[in-house]
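Me: Hi! I'm new to this. Could you walk me through this structure?

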Amino acid sequence: MEIRIDNRRKIAFPRISHYGYAIKYIVEQGLGAEYVLLPPATKKTAELGSKYSPDYACAPFKHSLGSLIEALEAGAEVLVETGGLCRLDYYGALQKEIIRELGYKCEFINLAEYMSGKKKEWLKLARHLSPKLKPARFTTGAYEGVKMAEYMDEIEAVYYQNAAFETEKGSYRKAYRKFLLKMQTAEDWQEIRAGYQEVKQAFDGIGMRKPERPVRIGVVGEYFTIMDEHSNQFLQEKLVRLGASVHRFLNVTNCHFRAKEPTLRPRIKAYADYNMGPTTTWTVNAALDYAKQGFDGIIHVKSFGCTPEMDAIPLLQNISRDYRIPVLYLSYDTQESDTGLDTRLEAFYDMLERKKKVMR
Amino acid sequence: MREIRTIGIPRGLMAYRDGVLWKEFFERLGFVCAVSPKSDRELLGKGTACAVDETCLPFKMYLGHVIWLIGKCDVIFIPRMGGYDTREKMCTRYEALPDLVRNIFRDEQIRVLTVSYDWYTKTTEEKVYLELGALLGKSKKETKKAYGHARKRQEAWLKVKEREQDHALEGGKIKVLLAGHPYVLHDAYMGGELARILRKMDVEVIYTDYADREGALRKSYDLSRVMPWLINREITGALFMLRRKVDGIILVSAYPCGPDALVNDMLVRKLKDIPVLSLTLDAQSGTAGVETRMESFIDIIRYQKAGGYGNKDR
């Protein structure tokens with residue numbers, strides 16, 4: 001017989017990069033429920049997801065379905081799926097149906113149903129998940145969780161931009177992993193703050209041998225695949241190992257808390273008059289920015305069949321022509337092996353490096 | 001800026017749904033409309049050549065129609081449709097359409113006539129058309145009248161199709177419902193082929209878009225509160241309105257349609273008491289594969305109708 005030491009409800013959300021730590025913080029510290037934090041995704045996750053997904057559903061659908069099933073196996077009672085501006089809005093409805101047909105018993109909360117709803121509805125939902133909810137505590141918890149996500153974004157960006165140039169191999173990685181572990185276990189604001197300051201100091205202390213003009217690569221593309229390392233087969237890490245400084249504009253901070261679509265759009269006026277889809281403006285704006293700053297190359301990342309990002313490609317092709325900047329297009333499904341990716345990245349990096357040497 | 005006399009309408013995508021409305025509207029305002037011809041292999045070939053590989057078949061076809069119109073009109077009408085309601089959006093490709101076409105044909109410098117609306121701006125169809133009229137330099141009164149007239153013509157057109165279909169539903173032939181986006185069902189090169197094959201087998205072809213549009217839309221809410229796409233709602237609603245009147249359903253989708261990929265999977269899960277065939281069309285050169293599948297599907301229906309598999313009393 002299972003012995004329950006507390007009666008909090010076990011809530012799970014599909015994995016998305018390291019943001020699970022922030023979500024865990026908000027659920028546990030703010031909401032007062034228990035969060036089912038899954039170990040990093042494996043090949044099995046994607047296999048599980050693909051097995052029960054429609055064939056040409058996008059890869060994020062398969063990955064998140066895999067995560068949800070694994071969460072159920074790990075004892076989750078309440079599954080939460082989000083909504084969005086593309087197919088994401090229908091993920092929840094279909095995943096709920098699939099999971100029911102598989103015979104799992106759980107509560108499925110589809111946030112798409114609440115997206116256009118009122119604040120009252122959200123509060124009702126929060127109360128439902130945690131009957132003893134304290135609104136003040138929830139607000140603080142949510143704020144601190146968001147702040148944690150911002151810290152993680154900031155540190156991650158520093159990491160990918162500089163890790164290629166450390167004098168002692170692995171020192172950046174070590175500090176970064178330690179920081180993520182701190183975020184995973186943080187239970188209050190002091191711990192988050194301390195972890196953040198510690199990693200900043202650690203990064204500052206790392207010996208660097210940065211060339212005067214390093215190869216700089218900008219990564220742009222679709223929301224989930226670009227952020228979730230497992231989905232993009234550790235693309236940024238691979239580039240770092242090849243020796244590049246890797247920049248990525250799209251993260252939760254920039255996408256939700258800083259840059260608003262209508263304020264960014266005037267900057268890409270030469271290419272688009274309208275909002276072309278959920279993340280297209282961010283993609284095109286970031287690519288244009290990298291092109292203007294004289295980056296060596298751009299990598300466009302998306303899952304196979306992602307309509308909004310597919311529609312950004314003709315614009316990227318024009319930017320590539322106008323600024324003479326090479327763009328590598330990567331389209332992901334749930335791959336078995338990453339050898340193909342390695343070869344393409346090596347070739348792309350070699351080409352950029354060579355171009356840099358020859359055409360000063 | 002050259003004066004606009006002829007407006008080009010590519011026979012693709014939403015033209016199969018709203019085409020009558022567009023054409024009547026422009027003609028009432030005194031413009032000449034140039035409509036591209038029926039889809040064929042050549043148009044698709046041209047369109048495919050300038051599209052990103054992964055894009056959907058109807059979009060590649062659409063580009064072919066745009067190419068055909070280049071040089072044959074003063075401006076090409078490519079509206080930007082976001083949708084009028086949060087739960088009645090369009091696929092994101094429609095949000096990107098005018099910018100997309102402009103970027104693809106940047107060297108040709110084609111002139112695009114566009115009007116834009118989004119679900120979050122809370123507008124109405126009439127307001128959108130008033131804006132379009134103003135863009136063309138017509139007075140509000142004129143535009144309003146033209147819109148009213150065009151709207152009526154569109155509704156009358158649909159009514160006729162509906163009545164014809166109701167009539168066909170009463171006949172004694174085997175009836176198969178083709179469920180899909182209008183621009184897949186009625187495109188000569190895509191759904192047109194399917195209908196031809198079915199008719200050859202003496203089957204009555206019924207379409208989901210020749211049904212009461214508003215009724216279908218309302219009906220779809222009984223099935224799903226969250227489905228975000230207008231066209232898929234119309235398909236789903238009509239499908240559930242018609243399913244008792246037909247012998248089988250073919251879900252027709254064009255590769256790789258984003259909304260269909262998810263919604264059709266859901267429909268297959270919900271439709272358990274009627275034969276369903278899920279067909280995905282791609283730019284194949286022959287129809288033999290599709291033909292074989294449809295033949296065996298019809299065979300199954302015939303067999304079942306004759307008492308067949310003994311699952312009548314299930």
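Me: What should I know before we start?

Reply: This is a predicted model, where local features need pLDDT of at least 70, side-chain atom pairs count only at pLDDT 80 or more, and totals for chains, interfaces and linings use all residues. Residues are numbered from 1 along each chain as its sequence is written, while chains are lettered from A and ligands numbered from 1 in the order in which they are written.

Me: OK, in what order do the four strands of the open sheet in chain A come?

Reply: The order is β6-β5-β7-β8, with parallel pairing. Strands (E, at least two residues) and helices (H or I, at least four) are DSSP runs, numbered from the N terminus, and two strands pair if DSSP finds at least two bridges between them.

Me: Which ones are the edge strands?

Reply: β6 (245–248) and β8 (327–332) of chain A, each pairing on one side only.

Me: How does β5 of chain A pair with β6(A)?

Reply: In the parallel sense, over four bridges; β5 covers residues 216–221. Across that pair, A:Val219 stands opposite A:Arg248 in β6(A).

Me: Which helix lies across β5, β6 and β7 of chain A?

Reply: Helix α10 (residues 235–242) of chain A, running at about 155 degrees to β6(A). Axes here are lines fitted to C-alpha atoms, for helices over the stretch in contact, and angles run from 0 to 180 degrees between N-to-C directions. Contact means that the C-beta atoms of two residues, placed from the backbone, lie within 7 Å.

Me: New topic: what are the domains of chain A?

Reply: Domain 1 is 10–133, domain 2 is 146–210 and domain 3 is 211–360; such bounds come from an automatic or database domain assignment. The centres of domain 2 and domain 3 of chain A, taken over C-alpha atoms, are 23 Å apart. Their contact takes eleven residues from domain 2 and 14 residues from domain 3.

Me: And how many residues does each chain give to the contact between A and B?

Reply: Chain B gives 30 residues and chain A gives 36. On the chain B side, α4(B) brings the largest share, nine residues.
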